[in-house]
Amino acid sequence: MDWLILSVTSAEILWNPLLLWTSMIGQPETKKQASAWLTQRALHLLRPLMGVINPEQAKLNLEGRASDHDARADRLESFARPFHLYALLLGHLGDEMPEENASWQTQLSQCLANGANRSHPAYWGPSTNFHQHVVEMGLLVLSLEICRKQFWDALDPAARKITLDWLETARSVAMHWNNHMFFGIFILEFLKKEGRGRSGDQALIDGWFRELESMYRAEGWFRDGLNDSADYYNAYAFHYYGLNWSLFFGDDQHQRHQFWADRASLFLDSIQFAFASNGGVPNFGRSQTYRFATLAPFGPAIQLGCCPIPDSQVRRLAEDHLDFFLKKEIYTPEGWLNIGWTDENTAIAETYSCVSSTYWAAKGFSLLLLPLDHPFWETETADTNETYIDGERHANSVGLSFRRFDGDTELINTGSAISGMNLRFFAAKWSKFTYRASAGVVLPHKDNLHPLDLALVANFGSVRMGRHITNPIEFGEHFARCAYTLGDKNHDDMVAVETLIAWRGPWIYIEHIVDSTADCVLRQGGFALGYPASSVPTESRLGEQSLKLSTDGNVSMLQPLTGFQSTEIDGDQIGSGRRHTLYPHHTIPVAVAPIEGGQSRIDCLIYFGPPGDRAAPWSAQTNGDTLLLRHPHYDEWNPHNA
């Protein structure tokens, strides 16, 4: 039974979930059908990949963008990442796999045998210090463990020996001090299971675990080592790997198992508030092209009994989040995942991204780790209103706050950053004050490192300074404070800033207390209003300074209160190409404040959402240090006492 008819052209992919329902009518109930809502989505992604397996070159013929690693790494990646999707599906369905699997498995087995064979022309090559190979090898052994019975045990003994010989080249190579150390752990654990362990392996595993565990902060969140960032890598690296280690290798290590289970439970309790009712999440951090990989911890967490969210709500989150992407234009003409978010957008990629990198998204199918007879599959999908309740969670230790309101979600970032050594990933992927699911963001590029949407920048002449490392100071129920410096190591002038961010519904209040070394111009941007070419936004000014940009569906409004002298509009840069994550074009309302050297205070109100009463401006009244805001739709608001 096919869940959908796949007819891929350059213009469309036919998506019809109704076919799943109608094709089931009159058929006997089976365990396989209970999980068909997920397995058929996985097959939808897998089938185009299985048509381009190339055993002689030990790769999948995914043609497109190359990474900054090397051709051998990209070739290995083209096998290892799609294989993870295959492994999840094979491990879950077993003998219930489609008939074509006999051919798929034969070809994939030969790919592995050839790529791992140092005597074969398609040899992937050994793992070496700091090379990408250890990453793909680590993912590959996890995949082999997931489908051990169906795939690994079915391999020819000679192919298993060749593969194990190849894996041994990664035994003690140098890895980046971040989540990559998990890959060394997986490789050694797998070798131990296969009788290839050495006396020093457990010491290496324990050492890597000590380093990874030292990256833990609190509330379920980790800092990613030398990257110094906290973003969705917590979902599809730290918690996915930690839980899978417990699931497949941690039987006799209760204390370490409990460490990862407890922290995953805390993390899932907060990350659930990243999911909007339409299935979207805020665009935040690096590797956004991995799309739905944020779902990664749910499968192993449920299997290990440490998921704090009811199964029925997990199913609602998973269905909505997967369909948020799968129903959009995220496919190449051949049916592979393209590089982008809700459509092709190569500006979102990092230098390490190749055409195959997108299949890290396969982790979003982690619920397939649950066997066919797991009670999860008999759970009814929770109601939308029950799942997407308003609320918020603070992760004080890494300076992140998640909130959901009116079905939308937002991440307030007062702490996560990217380290100076990794600025090639662009600080702006971490340096906006808020990231809202419905609004999307403007991506940086080499000629504009600091886009203005929801950011404060300082211009000293023609030099623009932005935010990098940020320090959280205080968290309240509806506000957060942070401190940072707008500056660059190669310029003496800079602006030290303390920022208050408070929120009410779709409104954000931002106050900056600044101390500048010289005269400069500060700019505070509102939300980027994305739009297609067929719907150019209208501009209107409310009062002396408030700036309102509108399309048929959304409004982006900026209302300066104190310290700003004017407003202006920033938008698409000619020749810079597509930069907005959700739309081909964008425009941003901006408040401008020329300031003198020394201390100053500026503040404003920012709105993004539908038109109507909520988009009306506020009236402000000050009495000494007290600010009181009034609005026709909301109760009185003192954002300093939020």
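**Notebook: salt bridges and a helix pair**

I looked up Asp 320 and found its side chain meeting that of Arg 316 in a salt bridge, 3.2 Å from N to O. A salt bridge here is a side-chain nitrogen of Lys or Arg within 4 Å of a carboxyl oxygen of Asp or Glu. This is a predicted model, where local features need pLDDT of at least 70, side-chain atom pairs count only at pLDDT 80 or more, and totals for chains, interfaces and linings use all residues. Residues are numbered from 1 along each chain as its sequence is written, and side-chain values use heavy atoms, leaving out hydrogens and water.

Both partners lie in helix H14, four residues apart, about one turn of the helix. I took helices as DSSP runs (H or I, at least four residues), numbered from the N terminus. Buried or exposed? Asp 320 is buried, at 14% relative accessible area. Arg 316 is buried too, at 18%. The cut-offs are under 20% for buried, over 50% for exposed and partly exposed in between (1.4 Å probe, protein chains only).

Next I checked Glu 100. Its salt bridge is with Arg 47, with the closest N and O atoms 3.0 Å apart. The pair links distant parts of the chain, 53 residues apart: Glu 100 is in the loop between H4 and H5, Arg 47 in helix H3. Glu 100 is partly exposed at 33%, and Arg 47 is partly exposed at 26%.

Then I turned to Glu 168, whose side chain meets Arg 198 in a salt bridge of 3.2 Å, N to O. Arg 198 is exposed, at 54%. Both belong to a salt-bridge network that includes Lys 161 and Asp 201. My count comes to 33 salt bridges.

Technical notes. Helices (H or I, at least four residues) and strands (E, at least two) are DSSP runs, numbered from the N terminus.
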